[in-house]
Amino acid sequence: MKMIRFTEAQIVNILKLADSGMKVDDICRQNGISSATHYYCKSKYSDM
């Protein structure tokens, strides 16, 4: 399984899309991540 690494800036931008009202499924599909990865990043970077 290939591991894709994102920078902190990219992760914060992805999380901002979710805060703006975009569906999590659509965000994950556009960025090539799973919903589990999204929620993991959300818990880790939610204070940024």
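Gln-10 is partly exposed, with a relative accessible area of 38%, where buried denotes under 20% relative accessible area, exposed over 50% and partly exposed the range in between, computed with a 1.4 Å probe on protein chains only. This residue is placed in helix H1, helices being DSSP runs of H or I with at least four residues and strands being runs of E with at least two, numbered from the N terminus. The structure is a predicted model, for which local features require a pLDDT of at least 70 and side-chain atom pairs count only at pLDDT 80 or more, whereas totals for chains, interfaces and linings use all residues. Residues are numbered from 1 along each chain as its sequence is written, and side-chain values use heavy atoms, with hydrogens and water left out.

The protein chain contains three helices and zero strands, and its pattern along the sequence reads α-α-α. The C-alpha trace spans about 30 × 20 × 15 Å along its principal axes, and buried residues account for 21% of the 48 residues in the protein chain.

The arrangement of H1 and H3 is considered next. Two packed helices are described by the angle between their axes and the distance between the axes. Helix H1, comprising residues 8–19, and helix H3, comprising residues 35–45, have axes that come within 10 Å and cross at roughly 105°; these axes are lines fitted to C-alpha atoms, for helices over the stretch in contact, and the angles run from 0 to 180 degrees between N-to-C directions. H1 and H3 are therefore roughly perpendicular to each other, on a scale in which angles under 35 degrees count as roughly parallel, over 145 as roughly antiparallel, 65 to 115 as roughly perpendicular and the rest as oblique. On the H1 side, Glu-8, Ile-11, Ile-14, Leu-15 and Ala-18 meet His-38, Cys-41, Lys-42 and Tyr-45 of H3, a contact being defined by heavy atoms within 4.5 Å. By class, the contact of H1 with H3 consists of six nonpolar, one polar and two charged residues, with Ala, Val, Leu, Ile, Met, Phe, Trp, Tyr, Cys and Pro counted as nonpolar, Asp, Glu, Lys and Arg as charged, and the others, Gly among them, as polar.

Within H3, the residues His-38, Cys-41 and Tyr-45 are buried. Viewed down the axis of H3, its buried residues fall within an arc of 70°, so they line one face of the helix, the arc being that of the directions from the helix axis to the C-beta atoms. An α-helix has 3.6 residues a turn, so residues three or four places apart point the same way. The buried residues of H3 pack against H1 and against helix H2, residues 24–31, whereas the face of H3 turned away from its buried side carries the exposed residues Ala-36, Tyr-40 and Ser-43. His-38, which lies in helix H3, counts as buried at 2% relative accessibility. When residues up to four places away in sequence are not counted, His-38 touches Ile-14, Leu-15, Ala-18, Val-24, Cys-28 and Ile-33. Lys-44, also found in helix H3, is partly exposed with a relative accessible area of 48%.

A search of the whole structure finds zero disulfides, a disulfide being a pair of cysteine sulfur atoms within 2.5 Å. Cys-28 is accordingly in no disulfide, and its nearest cysteine sulfur, that of Cys-41, is 9.5 Å away. At 6% relative accessibility, Cys-28 counts as buried, and Cys-41 counts as buried at 13%.

Several separations complete the description. Ser-20, placed in the loop between H1 and H2, counts as exposed at 58% relative accessibility; Ser-20 and Tyr-45 are 25 residues apart in sequence and 16 Å apart in space, C-alpha to C-alpha. Arg-29 lies in helix H2 and counts as exposed at 62% relative accessibility, and its C-alpha atom is separated by 20 Å from that of Tyr-45, 16 residues apart along the chain. Gln-10 and Tyr-40, which are 30 residues apart in sequence, are 14 Å apart in space, C-alpha to C-alpha, while the C-alpha atoms of Lys-44 and Asp-19, 25 residues apart along the chain, are separated by 15 Å.
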